[in-house]
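Hello,

Here is the structure I promised to pass on to you. Have a look at it, and then read on for what turned up.

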Amino acid sequence: MPTEKDKARGVEQVTCATHSAHCGGTCLFKVHTRDGVITRFEADDGEEPQYRGCARGFAQRQRIYAPDRILHPLKRTGVRGEGKFKQISWDEALDTVSGEMTRVKETYGPASIIFKWSGGSLGWLQATGAHLRLLNMAGGCSEVWGVHSFEGAVFSQIATFGTVATANTRDDLLNSKLIILWGINSAHTILHTPTPWYLVQAKEKGARIISVDPRYTPTAAICADEWLPVRPGTDAALLVAMAYVMIREDLQDQKFLDKYTYGFDRFKDYVLGKEDGVPKTPQWAEAITGTPAASIEKLAREYATTKPATLLGGIGPGRTANGEQYHRAASTLAAMTGNIGIHGGDAGASIWPGNHGIYPYLKPGPRMPIPPNPVEAGAPKRKNEFPSWNNYMTLRTGQIHQTKVADAILRGKAGGYPADYKLMYVINNNYPNQYPNINRCVEALKSDSLEFIVVMEQFMTSAARFADVVLPVNTCLERYDICPGPGLGFYGLMPRVVESVGESRSHLEICSALAEKLGIPDYNDKTDEEWCRQIATGSPDITDWEAFKKAGAHKIKLDEPFVAFKEQIEDPEHNLFPTPSGKIEIYCQRLADMNDPLVPPVPKYVETWESRNDPLAQKYPLQLVTTHFWRRAHSQFDNIPWLRELEPQQVYLNTKDAESRGIKDGDTVKVFNDRGTIAIRARVTPRIMPGVVDVPQGAWYDPDENGVDRGGNPNVLTRDEHSPGGAYPTNTTLVQIEKA
Ligand SMILES: Nc1nc2c(c(=O)[nH]1)N[C@H]1C(S)=C(S)[C@@H](COP(=O)(O)OP(=O)(O)OC[C@H]3O[C@@H](n4cnc5c(=O)[nH]c(N)nc54)[C@H](O)[C@@H]3O)O[C@H]1N2
Ligand SMILES: Nc1nc2c(c(=O)[nH]1)N[C@H]1C(S)=C(S)[C@@H](COP(=O)(O)OP(=O)(O)OC[C@H]3O[C@@H](n4cnc5c(=O)[nH]c(N)nc54)[C@H](O)[C@@H]3O)O[C@H]1N2
Ligand SMILES: [Mo]
């Protein structure tokens, strides 16, 4: 019963809503509102598994009502990047944007429009699909390829398994006796909301947990029995040496290999040194990885003899200059230990499971259709492209790799790109903040060859500062959207809980209005709620829309945890792996056909550029990793006061590296290489291995008059290159640190 005081303050409403920021988390909240204003958030306390939010989820209120929210359409008045704008009407903004789209298309062709999207919001309705539909109906655009998160894993899994649906659901961790967290820090890096809960339960059930990571992570501190440090970009060497120990001691599951895999002997020849005269011993690996040989031997024996065991492959080690080899090697070890297709095992390397509608337990109803992109139809084949590549997502390919957008803008056709790029259409994306070699990205954004930039944003981010027109977008509690839950069977509803702040609008509203201006009458015939209803109730799991709406989520009850490749293992006669050989391809002919020594047909350790053996290491001796930070989702939430209190932006460096440079904890230091310099606070700690430093990604780029980034954004330092299979190389960078 509301008290008199409550009555005076207005009646409190509670709405259940899923929150899906750009962290892969899908958290269920009870959102309290009073007089149409959000007052507080309460965690999911319903049936297990609960989807409890993290600090960011609870801080959403400060994000929605932030004083720096963009409330109106804006038009640039200063130079690009300066951040000077004036307020304009929606009508003028839409006229300008649609007018520029038409002018650029008619003058230069649709390929000169770059559609620059990312995962700022991750719903099925209010994101990329809605814009791609519009752009394609309007004549097409140049798309970008290379999912920042895990393109190396995509490449490797298509090579090895023929699909990216390779992960078990997270509840299956409870069936495992040994869990190897390979570059996974799920206490901070959310990715699959209930993972830490299952890890802790698995530990309570007696599973041993081992962390392989250059950092002694909070996750390792909470639940690991052992930490094996490894130098960034060298995981494949560690895995190959584990294979060496297994082969030497005849510990591999030969029956499994014979029955389900193709080409193990070719890999064995490489491992034993028959191919190149170098046996891949633990001592060989120790010199490369920095991991003690004795620890490698022990881990190899343990993984080969404890069954079932999960090698939970993270994607961070894959975001390195030859990240594909780590993923391929991890899956090979999962096969060598016979842990694929069984409960308590895992295929060794995963992307965000479940996100892209590729799992059989997720069957959403029809989404907004995306007509083919006329520009894509003529797109040239990429180097190292798999024919089946396009099947993993509805969004795909295009001609420009994410890391090459700046280069494409600056060099265009003369630089070998298919078009000269004139208009950039940016949604859900903080370009340049999140892109390697920011200083070059900035150069591209400032260049005259780019005639118009429209950015749809909620905040004056580094992307918005470069826009010619900024369109204010609302947040996920101000519109309807629906999302899957990676890692478990889950549908989340993101309902409109409050009215849009200021004049901000949803993506669907913006696209519908632009369609009208562009003369596309049949763009949209539904409200956002009607679309969500169609997507939800089209699934066999959700029969009652009102019940789903009330609950804010639907937790799919599977009879048992989902196990990837169970059918292939239990009944191989009738279920082939979707590879050319029908088996798990340890040797991959399609890779052999690519004829690129950086992606050999069997997994190998291939040294990266900017490794510690690179001559550049004389000048820049430290290896930089750029981890995902607990108080942000990339750059999102960086401006939220509650979250800023948690921890400052810092460079984490080992005590020895600090001592040899005369650096003390809390000092301001310069981290630099030939691409740029950042000024940042030093955090001196034994919890990162010597020779490796970490600058969490996502800090807001804030250059001073000398070009030194005071925001401490590591992308000032990273290199704008991609791995041979398209991975983001943001964990492969050499730097030096000095006291500022
Ligand atoms: N050095 C380094 N760089 C990295 C990484 C790394 O590990 N190291 N990680 C990479 C990875 S994995 C990723 S996924 C990318 C992420 O790169 P981005 O997706 O660019 O990062 P976000 O900070 O999530 O930026 C999204 C922007 O969208 C805005 N936004 C939020 N919701 C909405 C909405 O509903 N509509 C619109 N229009 N905008 C919205 C936010 O305000 C934010 O500015 O970063 C990559 N960059
Ligand atoms: N709080 C929070 N959660 C997030 C995000 C966020 O920004 N904030 N972003 C979301 C997104 S889009 C993504 S793609 C995921 C990213 O998820 P991850 O890639 O898993 O996240 P990271 O923290 O970058 O990396 C995980 C671990 O890998 C380690 N690592 C880095 N390089 C190497 C290496 O070469 N070898 C080994 N063995 N380990 C290495 C790091 O030290 C770190 O502990 O996170 C998602 N979740
Ligand atoms: Mo990502």
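**Helix 4 against helix 18**

Helix 4 crosses helix 18 in a right-handed manner; a crossing is right-handed if the near helix is turned clockwise from the far one by less than a right angle, and left-handed if anticlockwise. Helices here are DSSP runs of H or I with at least four residues, and strands are runs of E with at least two, both numbered from the N terminus.

Before going further, please keep in mind that this is a predicted model, in which local features need pLDDT of at least 70 and side-chain atom pairs count only at pLDDT 80 or more, while totals for chains, interfaces and linings use all residues. Residues are numbered from 1 along each chain as its sequence is written, chains are lettered from A and ligands numbered from 1 in the order in which they are written, and side-chain values use heavy atoms, with hydrogens and water left out.

Back to the pair: the axes of helix 4 and helix 18 (residues 507-518) come within 9 Å and cross at roughly 60°. Axes are lines fitted to C-alpha atoms, for helices over the stretch in contact, with angles running from 0 to 180 degrees between N-to-C directions. Helix 4 and helix 18 are therefore oblique to each other (under 35 degrees is roughly parallel, over 145 roughly antiparallel, 65 to 115 roughly perpendicular, and the rest oblique). On the helix 4 side the contact (heavy atoms within 4.5 Å) is made by Trp-90, Asp-91, Leu-94, Asp-95, Val-97, Ser-98, Met-101 and Thr-102, and on the helix 18 side by Ile-510, Ala-513, Leu-514, Lys-517 and Leu-518. By class, the contact of helix 4 with helix 18 has eight nonpolar, two polar and three charged residues. For these classes, Ala, Val, Leu, Ile, Met, Phe, Trp, Tyr, Cys and Pro count as nonpolar, Asp, Glu, Lys and Arg as charged, and the others, Gly among them, as polar.

Ser-98 sits in helix 4 (residues 90-108) and counts as buried because its relative accessibility is 5%. Buried means under 20% relative accessible area, exposed over 50%, and partly exposed in between, with a 1.4 Å probe and protein chains only. Beyond its neighbours within four places in sequence, Ser-98 touches Leu-514, Lys-517 and Leu-518.

**Two further helix pairs**

Helix 6 (residues 151-161) and helix 14 (residues 323-336) have axes that come within 8 Å and cross at roughly 40°, so they too are oblique to each other. The crossing of helix 6 over helix 14 is right-handed. The residues of this contact divide into four nonpolar, five polar and two charged.

For helix 9 and helix 13, the axes come within 9 Å and cross at roughly 65°, again in a right-handed crossing. The residues of the contact of helix 9 with helix 13 divide into 10 nonpolar, no polar and three charged.

**The cores**

The largest nonpolar core has 161 residues, and those with the most contacts inside it are Trp-182, Met-242, Phe-267, Tyr-303, Met-424 and Tyr-425. A nonpolar core is a set of buried Ala, Val, Leu, Ile, Met, Phe, Trp, Tyr and Cys residues joined through side-chain atoms within 4.5 Å. Helix 9 (residues 235-248) supplies the largest share of this core, 12 residues. Apart from this core lies another, of 18 residues, including Tyr-198, Ala-207, Cys-223 and Ala-224.

**Backbone points to check**

Most residues other than glycine have a negative phi, and most peptide bonds are trans. A cis peptide bond joins Glu-48 and Pro-49, with omega about -5°, and Pro-49 is in the loop between strand 3 (37-43) and helix 2 (55-58). Another cis peptide bond joins Lys-307 and Pro-308, with omega about 0°.

Asn-437, not a glycine, has a positive phi of about 60° and is buried, with a relative accessible area of 9%. His-634 also has a positive phi, near 55°, and lies in the loop between strand 21 (622-625) and helix 23 (641-644).

His-19 lies in strand 1 (residues 12-19). His-19 and Cys-476 are 457 residues apart in sequence, yet 7.4 Å apart in space, C-alpha to C-alpha.

Best wishes
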